[in-house]
Amino acid sequence: MKITQSLPGIKFIGFVETDKLQREMMLKALADLPVGIFTDIMPIAFCGVPTCTAESTYNNNGRIEQTTLRFKTLDVMPTSRHVAFVVTDCNGQSYIIGQREKPRPIVKITRETGTPDGDPAVCTVEVTLYAQKSLIPCFINI
């Protein structure tokens, strides 16, 4: 049985360095404890309509959640350090994809040159995380 959740619309995307996050955020979320982000969040300017989907499936005698965040941006994405992504939906609820400990998000960046007739030259970013709880509700100050 698969359970899929899709956010109603994304109004903010940002990233934080994972070494500045509190410890064991996934376990706190599984125990229904509040998770807060108490560090600066670097905003990402996106274009188009970003999507974020969390899919929970049964795997090896337990549940695993796969979260996929897709967006297009002109910003330079950090690739040399571990980061987690913060997403805020149109309802004002914020989520973090990633945590201080492993597993860490897989970030795939595709650079497109665009076309002369008007397609934009942007980077398409796809962030994927597999964990027991990969889309963690959180509290932020933006």
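The legends below describe close-up views of a predicted model.

Local features are taken at pLDDT of at least 70 and side-chain atom pairs at pLDDT 80 or more, while totals for chains, interfaces and linings use all residues. Residues are numbered from 1 along each chain as its sequence is written, and side-chain values use heavy atoms, without hydrogens and water.

**View 1. An open sheet of five strands.** The strand order is E3-E2-E6-E7-E10, with antiparallel pairing. Strands (E, at least two residues) and helices (H or I, at least four residues) are DSSP runs numbered from the N terminus; two strands pair if DSSP finds at least two bridges between them. Strand E3 (42-43) and strand E10 (136-138) form the edges, each pairing on one side only. Three bridges connect E7 (residues 94-97) with E10, and Tyr-95 stands opposite Pro-137 of E10.

**View 2. Strand E5 and its partners E4 and E9.** Strand E4 (residues 46-58) runs antiparallel to strand E5 (residues 63-73), and 10 bridges join them. Ala-54 has Thr-67 in E5 as its bridge partner. Thr-67 is in turn bridged to Leu-129 in E9. Strand E9 (residues 123-131) is antiparallel to E5 and joined to it by nine bridges. In the hairpin of E4 and E5, four residues lie between the strands, and Asn-60 takes a positive phi near 50 degrees.

View 3. With a disulfide defined as a pair of cysteine sulfur atoms within 2.5 Å, the count is zero. For Cys-52, the nearest cysteine sulfur belongs to Cys-138, 11 Å away. Cys-90 is also in no disulfide, and its nearest cysteine sulfur, that of Cys-52, is 13 Å away. Cys-52 has a relative accessibility of 2% and counts as buried (buried is under 20% relative accessible area, exposed over 50%, partly exposed in between; 1.4 Å probe, protein chains only).

**View 4. Backbone exceptions in loops.** Most residues other than glycine have a negative phi, and most peptide bonds are trans. Glu-24, not a glycine, has a positive phi of about 55 degrees. Its loop runs between strand E2 (10-17) and helix H1 (25-30); Glu-24 is partly exposed, at 37% relative accessible area. Asp-32 has a positive phi near 60 degrees and is placed in the loop between H1 and E3. Asp-32 is exposed, with a relative accessible area of 71%.

View 5. The bond from Lys-102 to Pro-103 is cis, with omega near 5 degrees. Pro-103 belongs to the loop between E7 and strand E8 (106-111).
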